Amino acid sequence: MKHIVKGAEPEVFTEWKALANEDWQPTYDDLRSKEKKAVKKALMQEQGYICCYCERRLVDNDSHIEHFHPQHRPEVDALDFNNMLCSCQAQLERGKPRHCGNLKGDWFDEQLLISPLDPSCQTRFRFTGDGRITPAHHDDNAAAETIDRLGLDIPKLREMRSKAIEGIMEGLPPEEIQNIAAALLSKDTNGFFIPFWTTIRYLFT
């Protein structure tokens, strides 16, 4: 799980919320059209186009706006940009495994779910060359619960991480991998982070 540094919300979103008056108060269900598109685009850009949880590549037609603190809870402001992320799996094909925001659900102990907004999140997990993810420390119950609740170690994601690792190993001589690690982990010219950023960082730096 890569740490996400939040940026400013889109100006068009701020302006839309400012239209609130005695007769109309904006809600998340009201968020449509250009304002919603602007929010989602801003989230994808600040995440470098990787899922906030599993870090696979985000594409516009198979991703959704995710609220880390569930928006249906009465104490949560559903229009708080600082609580918004972008998760994969907007549309789930029948029989396909659920994971990330699609699996998380609304009701859980927030002390036992690690947030990608927490700067320490990158240190809470370890990865193996076959694509597995485990808690970095055996007694980290929150890391274990996060892996389970988000489905981060399901076979599908394990295989995708393994292929990402193999792709780097096949494309680069071992003695050169560490030397170019910084380039691998930096956004490219299109603003994209490498998929499975934390896995690559853990294994190759």
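Guide: Phe-68 touches Tyr-53, Asn-83, Leu-85, Lys-104, Phe-108, Leu-113, Ile-114, Ser-115 and Pro-116, with residues up to four places away in sequence left out of the list; contact means heavy atoms within 4.5 Å. This is a predicted model, in which local features need pLDDT of at least 70 and side-chain atom pairs count only at pLDDT 80 or more, while totals for chains, interfaces and linings use all residues. Residues are numbered from 1 along each chain as its sequence is written, and side-chain values use heavy atoms, without hydrogens and water.

Visitor: What makes Phe-68 count as buried?

Guide: Buried means under 20% relative accessible area, exposed means over 50%, and partly exposed lies in between (1.4 Å probe, protein chains only). Phe-68 has 4% relative accessibility, and therefore counts as buried.

Visitor: Why is the pair of Tyr-49 and Phe-192 called stacked?

Guide: Rings of Phe, Tyr and Trp (its six-membered ring) pair if their centres lie within 6.5 Å; planes under 30 degrees apart count as stacked, over 60 as edge-to-face and the rest as tilted. The ring centres of Tyr-49 and Phe-192 are 4.4 Å apart and the planes stand at 25 degrees, so this pair is stacked. Tyr-49 and Phe-192 link distant parts of the chain, being 143 residues apart.

Visitor: How do you know whether Tyr-49 is buried or exposed?

Guide: Tyr-49 has 15% relative accessibility, so Tyr-49 counts as buried. Phe-192 has a relative accessible area of 28% and is therefore partly exposed.

Visitor: Which residues form one aromatic cluster?

Guide: The cluster consists of Phe-13, Trp-16 and Trp-24. Phe-13 and Trp-16 both lie in helix H1 (residues 11-17), 3 residues apart, about one turn of the helix. Helices are DSSP runs of H or I with at least four residues, strands are runs of E with at least two, and both are numbered from the N terminus.

Visitor: Why is helix H5 called oblique to helix H8?

Guide: Angles under 35 degrees count as roughly parallel, over 145 as roughly antiparallel, 65 to 115 as roughly perpendicular and the rest as oblique. H5 (residues 155-171) and H8 (residues 197-204) pack at about 50 degrees, with axes 10 Å apart. That angle makes H5 oblique to H8. Axes are lines fitted to C-alpha atoms, for helices over the stretch in contact, and angles run from 0 to 180 degrees between N-to-C directions.
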